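Visitor: Could you walk me through how the helices of this model pack against one another, and what lies between them?

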Amino acid sequence: METLNYLIEEGESIRKGIQPIKSTPPIFIPYLAYTLQDNKKYDNWKKDVLAYLKKEFPDDNRINEFNDAIASFENESKYPKYFDSALDVIKRLAENKEK
């Protein structure tokens, strides 16, 4: 459970670092895009969550749910709601473990 709580805390820290990219002349971004404050921290967190899920829940569909949310996050201009979906997967696991 301690590892799961750590992963949640790290995910929440990463979430706080997702910031919109601001357009500054002469560059104009016609859509809302986001950037990560710390890409390396994000990459390490993603690998750690996947390793944890594969070890603790090898046959659980939450691995696919997490991967799908992460793929959407990475493919959709790092839109925060997709990161929230990935983080929600491990938060639900923590809630279920407490029961």
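Visitor: How are helix 2 and helix 3 oriented relative to each other, roughly parallel or roughly antiparallel?
Guide: This is a predicted model, and in it helix 2 and helix 3 pack with their axes 10 Å apart, at an angle of about 165 degrees. Angles over 145 degrees count as roughly antiparallel. The pair therefore falls in that class, and helix 2 and helix 3 are roughly antiparallel.

Visitor: Is Lys46 buried or exposed?
Guide: Lys46 belongs to helix 2, and, with neighbours within four places in sequence left aside, it is in contact with Phe66, Ile70 and Glu74. Its relative accessibility is 18%, and the cut-off for burial is under 20%. Lys46 therefore counts as buried.

Visitor: How are helix 1 and helix 2 oriented, roughly parallel or roughly antiparallel?
Guide: Helix 1, residues 2–16, packs against helix 2, residues 39–56, with the axes 10 Å apart and an angle of about 150 degrees. Helix 1 passes helix 2 in a left-handed crossing. Because angles over 145 degrees are classed in this way, helix 1 and helix 2 are roughly antiparallel.

Visitor: Which residues in helix 2 meet helix 1?
Guide: On the side of helix 1, the contact involves Thr3, Leu4, Leu7, Glu10, Gly11, Ser13 and Ile14. By class, this contact of helix 1 with helix 2 has seven nonpolar, three polar and three charged residues. Those in helix 2 are Lys41, Tyr42, Trp45, Asp48, Val49 and Tyr52.

Visitor: Which element gives the largest share of the largest nonpolar core?
Guide: The largest nonpolar core has 26 residues, and those with the most contacts inside it are Tyr42, Trp45, Leu53, Phe66, Phe83 and Ile90. Two or more residues each come from helix 1, strand 2 (34–36), helix 2, helix 3 (62–75) and helix 4 (80–98). The largest share, seven residues, comes from helix 4.

Visitor: Which residues does Ile90 touch?
Guide: Ile90 is among the residues with the most contacts inside the largest nonpolar core. Not counting residues up to four places away in sequence, Ile90 touches Leu4, Leu7, Ile8, Trp45, Val49 and Leu53.

Terms used:
Residues are numbered from 1 along each chain as its sequence is written. This is a predicted model: local features need pLDDT of at least 70, side-chain atom pairs count only at pLDDT 80 or more; totals for chains, interfaces and linings use all residues. Side-chain values use heavy atoms; hydrogens and water are left out. Axes are lines fitted to C-alpha atoms, for helices over the stretch in contact, and angles run from 0 to 180 degrees between N-to-C directions. Helices (H or I, at least four residues) and strands (E, at least two) are DSSP runs, numbered from the N terminus. Angles under 35 degrees count as roughly parallel, over 145 as roughly antiparallel, 65 to 115 as roughly perpendicular and the rest as oblique. A crossing is left-handed if the near helix is turned anticlockwise from the far one by less than a right angle, and right-handed if clockwise. Contact means heavy atoms within 4.5 Å. Ala, Val, Leu, Ile, Met, Phe, Trp, Tyr, Cys and Pro count as nonpolar, Asp, Glu, Lys and Arg as charged, and the others, Gly among them, as polar. A nonpolar core is a set of buried Ala, Val, Leu, Ile, Met, Phe, Trp, Tyr and Cys residues joined through side-chain atoms within 4.5 Å. Buried means under 20% relative accessible area, exposed over 50%, partly exposed in between (1.4 Å probe, protein chains only).
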